[in-house]
Amino acid sequence: MEGELRFDGQVAVITGAGGGLGREYALLLAARGAAVVVNDLGSSADGQGRSKTADRVVQEIKDKGGRAVANYDSVEEGHKIVQTAIDEFGRIDILINNAGFLRDRSFAKMEENDWDMIHRVHLRGAFVTTRAAWPHFRRQEYGRIVLTSSAAGLFGNFGQTNYSQLVVTGVITASVETEDGRSCQGRLYVVDGGTPLLGRDLQKSLCISTWHGSTVYEVDRQPGRSSDVEAGNDQDSATQSAAKMGLIGLGKTLALEGERHNIITNVLVPAALSRLTESLLPPELQRQMAPVHVAPVVAVLCHRRCPAAGAVVEAAGGAAATYRWQRSAGIADLELTPEKVLDQWEVLDAADPAAESPDTPAAQMALLSRQLTDAAEREAERREVESAPAGTVDVSRALRTRLPPARFTYGPRDAALYALSIGVSLEQRHGLRYLYEAADGFEPHPMFASVVFSALDMTRMASLPGFPIDLTQLLHGEQYMELKKQLPPSATLEITANLADIIDKGDKGAIVLLDVHAADSSGDEVAFIQQSLFVRGAGGFGGHARSQVARPCAEVPPRAPDATLSVSTNRDQAALYRLNGDLNPLHIDPEFAALGGQSRPILHGLCGLGASVHAVLEHYSTDREEPAQLNKVKVRFSRPVLPGQTLLVDTWREPGSARVVFQSRVKETGQLALAGYLELRDLDVGARAKL
């Protein structure tokens, strides 16, 4: 960690700084070297009355050796506030728009004046003050702006106003005495928790000590005032939510326009104690929800090293986070009707791994364009298939077709589930590394990358233009996988796929080569997979019988294996493995398996492959602290394996080679299940094969 973040030589203007959050911002920035303009209109929570709260904050700063000046202009005259900074300190570097007030009106009771007053202060006031500071920021090629939104601005909140951090109101039931000795029992009070109201001396003679570190004041009960006030609910959510959401849009636009002038704008969503959070938090955390714990986040947003622009940052009680927009995967139909929209609403609104997070209008339009383009391509494919004469084959057209891109999101739980499903055990030397997220070096098993294809919509193969495939006749023939990077414990991968070739095997059928690419968030490819899919009865169309792009397999050496490893499967292994995403009922439903000519559900081919590769990796890692790292693997599948059977994995390795040739046989039947090779990335190629 580098040294203390300082603001020496800089000038900060903070509106609404007479108390609560604004006061804490002013005290912190001043303590770290900034000269501060403490602006405060001096009014009460509803914008009425006047007091000299800013003077007291200024005096606090000066008493600690800092520099500050008070300003009592309204943010509607923001140019006067900014001019105070120029007149007193000769410059302005930081603007924190914190001013605001409340009007407790429900939407049904709201008048136009209530709406206008809130917007004039919260939204227009921030605009006017920022506009006054903008020329100074541009001239000096530097500026930091913080706008203040709220939870209600983000979400709306029935029965509660913009400042989720503002008030805790209620009837004092305990026998509490004021500073002048009068009883407060049965009267209505507001608790200072961190906005322009908070920290003001509403009725100093009725100030009662503290409540969780905040000052409590009596508020006059108004005739006809809703009883909700006694429950701590203000009723101005429509006005405040609209204004506070407007500030988010303003902040994002200012961030874009200020970027080339080193003017950084961010939006703060502060939160402190309310009656709602009071019921959810234990007393020790309630004390933590004070304005002073929001100020450190604001200091970073104001600093020259601020790492973000256009961000919406939540801060409360020492916690901080950012908010982002998210766009669901949605629906796209070129013949959309109201009925279709209603029928597919759950899909339209679903939060799933395919959800996007556009952060600009251009990004939003790019997503929409891509979605509609995909929809148009699907519709064109459907019409081509329907209009083509039965049995028509056009391989070139099929190879031009791309499958819709997909997104594969996983975390430690998914990685551990996969490891369990291929037989990784805590009894094995490196088992903990793949099963326990808190273990040193925890990482997904190298073969975990083989399941990313499950994110693809393989049903599109049934309507492939020029080469429609009967999915009931589809078999997984071969699998090649190359790891380009080690997978992190959690990630979101972008999955793309295209048909690489279609091979004519005559009366036997056809082989479709599917290339699958997985890339991380930086765009780097982490894995490449080539699947060879055998389609029974689809051959004889006059195509080529060999492929120039297929990854070749390896022949088993004509000698005894260097080692034979025993891998036991269990009766429930297919039921567990299918939770990785391959939900084909062939692997769990006895009736469905019988339709495929199987005596009972069979093990996934990739499960048998994962178990075999894991056994080989463990074999070559016996004397190593770190497990052997897989580079690539290629196998051909021969016969299915039934859950509960034992695999005998024969291995061959030539001295000085990183390649291990292997085959897996079913012990109970002697039949070959799969055969191929794998290459290890970090194996000492000078070492002799382990016997």
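I looked up T651 to find its bridge partner in β21, and the partner is F662. The two strands involved, β20 (residues 646-652) and β21 (residues 659-666), pair in the antiparallel sense over six bridges. I count two strands as paired if DSSP finds at least two bridges between them. Strands (E, at least two residues) and helices (H or I, at least four) are DSSP runs, numbered from the N terminus.

I note that this is a predicted model, in which local features need pLDDT of at least 70 and side-chain atom pairs count only at pLDDT 80 or more, while totals for chains, interfaces and linings use all residues. Residues are numbered from 1 along each chain as its sequence is written, and side-chain values use heavy atoms, with hydrogens and water left out.

I then checked β14. Seven of its ten residues are buried, so β14 is largely enclosed by the rest of the structure. Buried means under 20% relative accessible area, exposed over 50%, and partly exposed in between (1.4 Å probe, protein chains only). I followed E482 both ways: its bridge partner in β17 is F528, and in β19 it stands opposite K632.

I looked up the largest nonpolar core, which has 72 residues, with L493, L609 and V633 making the most contacts inside it. A nonpolar core is a set of buried Ala, Val, Leu, Ile, Met, Phe, Trp, Tyr and Cys residues joined through side-chain atoms within 4.5 Å. The largest share of this core, eight residues, comes from α18. Another core, of 34 residues, lies apart from it and includes L21 and V294.

Last, I turned to α14 (residues 412-421), where the buried residues include A415, L417 and Y418. The buried residues of α14 pack against α15 (431-435), α16 (573-577) and α18.

Key
Contact = heavy atoms within 4.5 Å.
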